[in-house]
Amino acid sequence: ETRQAVTGAMHSDEKRKLIVVADTHNGVYCVSDKGTLRWSRVGQGRNLAGVGTNAFGDVVVTNTEGQTMVYHIESGKTLDSFTLPEFHASVPTIGGTCFYGATLGRVVYCYDYVKHQMNWTFEANGRMYSAPALDQSSVIVGDNNGRVYFLDRATGQNQVLGIFPERVTNPILLTPQNILISTFANELYMMRNAAGAVPPAAHEPNHPATDHDSIHRA
């Protein structure tokens, strides 16, 4: 049982049979698939986004002020900390060694969590409740004013702007053929995916990233 309401995304590590959740008090709990508590931590501030991960399979949590903690999935040991933009309602999307995030503070960003440097930021027109989708060259995200941005993945410059009649608060879905966008008014739009190939989901079960464990840092 957590101290506060569970919020945002959960993380499931199929290889180790572990599940990690966070609550609004920024408590982080790692349990086995049998329901046994392995470890818990209490961070600073409030957590709206839940739990994410990185390419090493570590646990990543960000509070509303952007303060980010990285914990080892098996031991709960603190491995790293850094600051991201404020007010995450969703965990960032992984792309290589970078986090691509979008915030309620209207910031889209690319942060290299290995080098600890912000590669770029972009200011959207409205709040963003979902993490960006990635294709080979673009970062695609919708905002609360009905705008969908196609940002260059390397520079953050806006390449294409789509304007829709209602809020775009849900994740944008990419398939090899299409881009699917839903709005707050129960509308569904489909656009042709010119980029074609879609990378595998960052958090799918048994993703190869879990084989590159960070146990050497634990």
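Which residues is Phe122 in contact with, leaving aside its neighbours within four places in sequence? Select Phe122 and look around its side chain: leaving those neighbours aside, Phe122 is in contact with Arg106, Val107, Val108, Tyr149, Leu151, Gly156 and Asn158. Contact means heavy atoms within 4.5 Å.

**Before going on**

This is a predicted model, in which local features need pLDDT of at least 70 and side-chain atom pairs count only at pLDDT 80 or more, while totals for chains, interfaces and linings use all residues. Residues are numbered from 1 along each chain as its sequence is written, and side-chain values use heavy atoms, with hydrogens and water left out.

**The whole chain**

Colour the protein chain by secondary structure: there are zero helices and 19 strands. Helices (H or I, at least four residues) and strands (E, at least two) are DSSP runs, numbered from the N terminus. Of the 218 residues of the protein chain, 49% count as buried. Buried means under 20% relative accessible area, exposed over 50%, and partly exposed in between, with a 1.4 Å probe and protein chains only.

**The cores**

Next, select Tyr100, Val108, Trp120, Phe122, Val139 and Leu151. Of the 14 residues in the largest nonpolar core, these six touch the most other members. A nonpolar core is a set of buried Ala, Val, Leu, Ile, Met, Phe, Trp, Tyr and Cys residues joined through side-chain atoms within 4.5 Å. At least two residues of this core come from each of strand 10 (98-102), strand 11 (107-112), strand 12 (117-123), strand 14 and strand 15 (147-152). Strand 10 gives the most, with three residues. Another core, of eleven residues, lies apart from it; among its members are Ala22, Cys30, Val51 and Tyr71.

**A hairpin**

From Cys30, move to the residue opposite, Trp39 in strand 4. Strand 3 (residues 27-32) and strand 4 (residues 37-42) pair in the antiparallel sense over five bridges; two strands pair if DSSP finds at least two bridges between them. The two strands form a hairpin with four residues between them, and Gly35 in the turn has a positive phi of about 90°.

Now show strands 13 to 16. They form an open sheet of four strands in the order 13-14-15-16, with antiparallel pairing. Strand 13 and strand 16 (158-163) are the edge strands, each pairing on one side only. Strand 14 and strand 15 pair over five bridges, and Ser138 stands opposite Asp152 in strand 15.

Stay with Ser138: the side chain of Asp135 reaches its backbone nitrogen at 2.5 Å. Asp135 itself is in the loop between strand 13 (133-134) and strand 14 (138-142). Asp135 is buried yet has no salt bridge, and the nearest side chain of opposite charge, Arg153, is 5.9 Å away. A salt bridge is a side-chain nitrogen of Lys or Arg within 4 Å of a carboxyl oxygen of Asp or Glu.

**Two loop residues**

Select Ser90, in the loop between strand 8 (78-83) and strand 9 (93-95). Is Ser90 buried or exposed? Ser90 counts as buried, because its relative accessibility is 12%. A polar atom of its side chain lies 2.9 Å from the backbone nitrogen of Ala131.

Finish at Gln177, in the loop between strand 17 (173-174) and strand 18 (178-182). Gln177 is partly exposed, with a relative accessible area of 45%. Not counting residues up to four places away in sequence, Gln177 touches Met191, Arg192 and Asn193.

Notes
Lys and Arg count as positive and Asp and Glu as negative; His and the chain ends are not counted. A polar contact is a pair of N or O atoms within 3.5 Å; within protein, one must be able to donate a hydrogen and the other to accept it, and residues adjacent in sequence count only if both atoms are side-chain atoms.
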